[in-house]
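Please keep the structure in view while reading.

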Amino acid sequence: MSTNTQAAATAIRLAIVVEAPVEQAFRVFTEDFDRVKPREHNLMPVQIAETVVEPRVGGRMLDRGVDGSELQWGRVLAFEPPDRLVFSWDITSQWSLETDPERTSEVEVRFIAETPERTRVELEHRNLDRHGEGWEGGRDAVGSDGGWSLYLQRFADLMAERR
């Protein structure tokens, strides 16, 4: 079950429920983000070999190319297992890297135990207006079926495989 609503003009919020304990949901999301993020969501000139979340504040969100090159597209701002992950979105509305931290948005993913075996995962992508001119197009893209909804659905599918 997934919902998609705009919390404000500058943010989107989505949620999904998975049948797994909160600790497992957090671990799979962060350790297996490579299986959550679609390979076609790629800013590199080569194919992606893997996507990595470095599990610590100050860690990188990055894609590693098949040639060994790396492209960092986010920074871990909060890493609080099993409750919360926050990272910067260092990607412009034109789908290129943003090097000015003042012009990046944030993605917060919260893991909330509904029961010992069920977890609600809430994702908020906020401060999208920080990206400057054209930011509405970026908001619409990440809020579309091919954006964060796709990531959460892939995560739910991955969790269902593991049951």
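A polar contact is here a pair of N or O atoms within 3.5 Å, in which, within protein, one atom must be able to donate a hydrogen and the other to accept it; residues adjacent in sequence count only if both atoms are side-chain atoms. The model under discussion is predicted. By this criterion, the side chains of Ser-105 and His-131 are joined by a polar contact of 2.7 Å. The side chain of Ser-105 also makes a polar contact with that of His-125, at 2.7 Å.

Ser-105 belongs to strand 7, which comprises residues 105-115. Buried denotes a relative accessible area under 20%; Ser-105, with a value of 0%, is therefore buried. Leaving aside neighbours within four places in sequence, the residues in contact with Ser-105 include Phe-87, Ser-88, Trp-89, Asn-127 and Leu-128. Arg-126 is also in contact with Ser-105; the C-alpha atoms of Ser-105 and Arg-126 lie 6.0 Å apart in space, although 21 residues separate the two in sequence.

Strand 2, residues 11-18, is mostly covered, with 6 of its 8 residues buried.

Attention now turns to the nonpolar interior. In soluble globular proteins, nonpolar side chains tend to be buried together. The largest nonpolar core of this model holds 39 residues, and Phe-87, Trp-148 and Phe-155 have the most contacts inside it. Helix 4, residues 148-161, gives the most to this core, contributing 7 residues. Beyond its neighbours within four places in sequence, Trp-148 is in contact with Ile-12, Leu-14, Phe-87, Trp-89, Val-107, Leu-123, His-125 and Val-142.

The buried residues of helix 4 are Trp-148, Ser-149, Tyr-151, Leu-152, Phe-155, Ala-156, Leu-158 and Met-159. An α-helix has 3.6 residues a turn, so residues three or four places apart point the same way. The geometry of helix 4 can be checked as well: at 1.5 Å a residue, its 14 residues should span 20 Å, and because its end C-alpha atoms are 20 Å apart, the two values agree.

A further point concerns Pro-38, in the loop between helix 2 (33-36) and strand 3 (48-53). Because its relative accessibility is 0%, Pro-38 counts as buried. The C-alpha atoms of Pro-38 and Gly-143, 105 residues apart along the chain, are separated by 15 Å.

Terms used: Residues are numbered from 1 along each chain as its sequence is written. This is a predicted model: local features need pLDDT of at least 70, side-chain atom pairs count only at pLDDT 80 or more; totals for chains, interfaces and linings use all residues. Side-chain values use heavy atoms; hydrogens and water are left out. A nonpolar core is a set of buried Ala, Val, Leu, Ile, Met, Phe, Trp, Tyr and Cys residues joined through side-chain atoms within 4.5 Å. Buried means under 20% relative accessible area, exposed over 50%, partly exposed in between (1.4 Å probe, protein chains only). Helices (H or I, at least four residues) and strands (E, at least two) are DSSP runs, numbered from the N terminus. Contact means heavy atoms within 4.5 Å. The expected span of a helix is 1.5 Å times one less than its number of residues.
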